[in-house]
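I opened the notebook to go through this structure one topic at a time. The entries below follow the order in which I looked things up.

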Amino acid sequence: MKQSRFHRIYEKGKRRKKLFTKNLTPGKTVYDESVINENNLEYREWNPKRSKLAASILKGINKIGIEKGSIVLYLGASSGTTVSHVSDIVGEEGFVFAVEFAPRMMRDLVFVCEDRKNIAPMLYDANKPEEYKDKMTEKVDIVYMDIAQRNQAEIFLKNVDMFLKKEGVGLLAVKARSVNVVEKPFKIFKQVREKLERNLNVIDYKLLSPFQKDHCMFVVKKWE
Amino acid sequence: MDFEKYYMENLKDTKQKLKESVKFDDFIVQAINNIDEINRVVNTLAKRLRDWYEFYNPEFSREVYDHEEFVNAVIERKDKKKKDSMGADIDKEDMKPILDLAKGIESLFKLKKEQEKYLEKIMEDNCPNISAVAGSLIGARLIAIAGDLKRLVLFPASTVQLLGAEKALFRHMKTKAKAPKYGVIIKHPLVARVSKGKKGKAARKLADKILLAAKIDYFKGEFIGDKLRKEVEEEFK
């Protein structure tokens with residue numbers, strides 16, 4: 001087990017690299033991920049097929065910004081797969097605000113939150129940030145969004161505008177198929193990029209194949 | 001920073017909201033999905049039963065086409081073997097698992113009937129107009145595909161006409177394949193019985209009326225379901 005390019009994310013293997021994070025709740029797993037014990041520390045495997053953030057790290061993205069002590073706004077938390085790894089990385093000093101709108105997924109997420117005291121579940125529509133702005137800190141270090149919606153770029157811009165610190169990092173996972181099923185994916189990614197660049201600096205962009213089909217990840221920062 | 005406050009507050013809020021989020025739509029969706037699932041399972045199991053049973057009495061299996069009838073006949077041992085049957089003589093010991101399977105399938109049929117009764121009742125109570133126009137099963141299936149009643153109401157009628165035909169629709173949009181004319185409403189007796197050339201027309205009309213009915217149900221209006229149904233019935237006699 002060795003340190004990867006990113007803070008508190010570990011990797012193992014050469015040909016087929018596997019990612020790991022240190023388990024914040026030793027003895028408990030979130031989904032059926034495998035666990036490795038080394039030097040009395042427990043590491044959880046991070047599956048790139050289930051998590052777009054893990055996929056983009058393996059694809060060589062140059063910045064994720066998430067580190068020990070970060071405050072993260074996570075939009076589209078779903079059942080808490082990626083969220084649990086983000087919670088591992090930020091540790092007890094950091095905090096994750098996990099927004100999810102579907103009650104079905106939220107039920108699973110609540111069980112994750114009960115074990116992990118650094119995730120706050122929030123049952124809100126990410127399209128309406130005014131509704132949850134009183135429920136969280138004024139500004140955050142990271143805005144991460146993974147929502148399969150047609151207007152995902154607009155939702156992301158709205159949230160970045162409201163919550164992201166000036167020096168913070170925004171991460172946006174785009175699912176081409178939910179913007180337009182018929183259009184070619186790269187055309188959609190281009191459109192999204194243009195929309196983002198009107199207000200933000202796009203500092204990296206990675207396609208997530210072969211881990212995820214027709215997905216890509218954008219890393220943005222605010223203008224200086 | 002003091003995150004404890006955010007944690008406790010949000011967790012409490014979310015739990016309360018989840019508690020309040022359960023609506024009758026959810027029960028409709030689960031019930032109809034379960035009924036469809038039982039149908040699938042029963043079909044697979046009944047096919048296996050026939051396969052297994054045919055060692056003993058293949059002629060009888062071919063005589064009775066309906067799965068339910070066949071299962072009941074096997075359980076009640078009404079299956080007289082013909083004298084010149086090509087079925088083998090089977091020990092009691094080997095026959096028992098076959099009969100047990102038949103009993104299991106029978107209980108699934110019973111479960112399905114009970115759940116259909118339940119679904120009919122909640123549809124009748126909450127969506128009387130949809131039930132009258134579309135029937136409780138098809139109405140529930142439409143709600144299940146849409147997600148809940150609210151989302152169904154927000155669809156245009158042309159979408160409702162094609163709900164359940166997504167695969168064909170996207171194939172049509174991506175390639176030059178033919179456009180589908182109907183989704184789950186093809187099973188509605190009104191659409192199913194009209195002649196082939198008019199099915200699309202009937203489906204379009206019916207989808208329109210179903211959506212009207214859904215809107216009335218959503219906003220808790222008066223009952224005019226039977227009138228709506230009659231309109232479609234008269235046009236496609």
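I take helices as DSSP runs of H or I with at least four residues, numbered from the N terminus. The model is a predicted one.

**Entry 1: a serine in chain B.** With that definition I placed B:S61. B:S61 sits in helix 3 of chain B, which covers residues 58-63. Is B:S61 buried or exposed? I found a relative accessible area of 3%, so B:S61 is buried. I then looked up what B:S61 touches, leaving out residues up to four places away in sequence. The list is B:R50, B:Y53, B:E54 and B:F70.

**Entry 2: the nonpolar cores.** I turned to the largest nonpolar core, which has 77 residues. Which members touch the most other members? They are A:I66 and A:L196. Not counting residues up to four places away in sequence, A:L196 touches A:F156, A:L157, A:L172, A:V202, A:F218 and A:V220. There is also a second, separate core, with 40 residues. Among its members I noted B:V133, B:I138, B:L163 and B:F236. As background, nonpolar side chains tend to be buried together in soluble globular proteins.

**Entry 3: helix 2 of chain A.** This helix spans residues 81-90. How many of its residues are buried? I counted 10 of the 10, so helix 2 of chain A is largely enclosed by the rest of the structure. Just after the helix, A:G91 takes a positive phi of about 70°.

**Entry 4: where the chains meet.** I checked the contacts between chain A and chain B. On the chain A side 24 residues are in contact, and on the chain B side 15 residues. About 1800 Å² is buried between the two chains. Carbon and sulfur atoms give 69% of that area. How many salt bridges did I find between chain A and chain B? The count is 2. I looked up the salt bridge between the side chains of A:E114 and B:K15, with N to O at 2.4 Å.

**Entry 5: a surface patch.** A:V182, B:F170 and B:M173 make a nonpolar surface patch of about 230 Å². B:F170 lies in helix 10 of chain B, residues 166-174. Its relative accessibility is 33%, so B:F170 counts as partly exposed.

Entry 6: The loop between strand 1 (2-3) and strand 2 (9-12) holds A:R8. Phi of A:R8 is near 60°, a positive value in a residue other than glycine. A:R8 counts as buried because its relative accessibility is 18%, and the cut-off for buried is under 20%.

A:N40 is in the loop between strand 4 (35-38) and strand 5 (41-46). A:N40 has a positive phi of about 65°, and it is not a glycine. Is A:N40 buried or exposed? At a relative accessible area of 84%, A:N40 is exposed.

Last, I checked the peptide bond joining A:S209 and A:P210. That bond is cis, with omega about 5°. A:P210 lies in the loop between strand 11 (200-207) and strand 12 (215-222).

Technical notes. Residues numbered from 1 in each chain as written. Chains lettered and ligands numbered in written order. Predicted model: local features only at pLDDT ≥ 70, side-chain atom pairs only at ≥ 80, totals over all residues. Heavy atoms only, no water. Core = buried A, V, L, I, M, F, W, Y, C linked by side-chain atoms within 4.5 Å. Buried < 20%, exposed > 50% of the residue type's maximum accessible area, 1.4 Å probe, protein only. Contact = heavy atoms within 4.5 Å. Helix = DSSP H or I, 4+ residues; strand = E, 2+ residues; numbered from the N terminus. Patch = residues over 30% accessible without salt bridge, like charges linked within 9 Å, V, L, I, M, F, W, Y side chains within 5 Å. Areas by Shrake-Rupley, 256 points an atom, 1.4 Å probe, with all protein chains shown as cover. Salt bridge = Lys/Arg side-chain N within 4 Å of Asp/Glu carboxyl O. Buried area = accessible area lost by both parts, 1.4 Å probe.
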